[in-house]
Amino acid sequence: MPDRTDIHPPPRTELDELRASDRIFRALLDNAPILISTKDLQGNVTMANRHFDILDGYEAASFVGSNVFELFPREIAEQLWRNDRTAALEKRAIHEEETVYHRDKTLHTYMTVKFPLLDEGGEVYATCAVSTDITEAKAAQVDSVTDELTGLKNRRYFNIRFGEEQKRAQRDQRLLTLLLIDVDRFKEYNDHYGHPQGDQVLKAVADAMGQALHRPGDLCFRIGGDEFACLFASNSSDESQALAERIRANVEARRIPHQANTPGGHVTLSLGLTFIQPDSTLSQEQIYELGDQALYRAKHKGRNTVSR
């Protein structure tokens, strides 16, 4: 009688291995807490995993086979399709943040990687998207870089964005402006009117900044205390000065009493401008120092003014 320990199972066929791989693949698709899908080059969904049932309006029977513009509100569909087209046309993986609504009508942010799928001839025939919900992480990040009093971004975020904005301005060949702002004689204001009233002044400054700088790409910060900063691109130094002047005039027009701020007796601002040319090799510290010097010149001229 043969020793059963010598009996080996028959070798697995290639078909068996394919079936096993397919089972593993389907298990991953069905259980992974991420969105995985593919679309053809016309924007029709050709595959979607089960996690899509978390999305608003999802219907299992009709999702696959429908066009992205049939499944999502137009403004959301446009961002999704734009990223698919970029991945397909440039034949590369792209990483973008995308927003979609969940069934509870809340808007969620996803970090998505989209990449082209190629046929045997190396031609793109579809795109694949893998998306991870980063809504909570984004909220925590925003809290960590937001000034609680004014709602502006803080110094930490200023340091993060400065280099990014300088590179963007270099790429677009645009003038980048750093604007530094101080409330004139703010210590004296707090001493006389109290810190709660001082907080209201800081909120008024933030509001004035937001009214003047509300274009996409305009960035406003509370650096600390009564120190504020703005980063924005412009077509000329005169355009930048006009925007700074708008902030100064807005605060002055509010006529907030400030007895110690002679001669006017109202809250005013001093503002210093420095300009970063696209070919500049100056460091962030050097540029900030130039802005600080311009701010000093504004104070030296008598405050309530914009200086370069």
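In this predicted model, K105 is exposed, with 56% of relative accessible area. Its salt-bridge partner is D56, and the closest N and O atoms of the two are 2.7 Å apart. K105 sits in the loop between β3 (94-101) and β4 (107-118), while D56 belongs to the loop between β2 (45-48) and α2 (60-63), so this contact ties together parts of the protein that are 49 residues apart in sequence. D56 is partly exposed, at a relative accessible area of 30%.

D147 is found in the loop between α5 (135-144) and β6 (153-154), and R222 in strand β8 (residues 219-224), so the pair ties together parts that are 75 residues apart in sequence. Both partners fall under the 20% limit for burial: D147 counts as buried at 14% relative accessibility, and R222 counts as buried at 15%.

R248 and E245 form a salt bridge at 2.6 Å, N to O. The two residues are 3 positions apart in helix α9 (residues 237-253), a separation of about one helical turn. R248 is buried, its relative accessible area being 10%, whereas E245 is partly exposed at 31%. Elsewhere, salt bridges with shared partners link K39, D84, E98 and K114 into one network. Across the whole structure, the search finds 20 salt bridges.

Turning to the strands, an open sheet is built from 5 of them, arranged in the order β2-β1-β5-β4-β3 with antiparallel pairing. The edge positions are taken by β2 and β3; each has a single partner strand, so one side of each is left without a neighbour in the sheet. On average, and with direction ignored, neighbouring strands of the sheet are turned by 30° against each other.

Within this sheet, strand β1 (residues 35-40) and strand β5 (residues 124-133) run antiparallel and are joined by 6 bridges.

Note on methods: Residues numbered from 1 in each chain as written. Predicted model: local features only at pLDDT ≥ 70, side-chain atom pairs only at ≥ 80, totals over all residues. Heavy atoms only, no water. Salt bridge = Lys/Arg side-chain N within 4 Å of Asp/Glu carboxyl O. Helix = DSSP H or I, 4+ residues; strand = E, 2+ residues; numbered from the N terminus. Buried < 20%, exposed > 50% of the residue type's maximum accessible area, 1.4 Å probe, protein only. Pairing = 2+ DSSP bridges. Axes fitted to C-alpha atoms, helices over the stretch in contact; angles between N-to-C directions.
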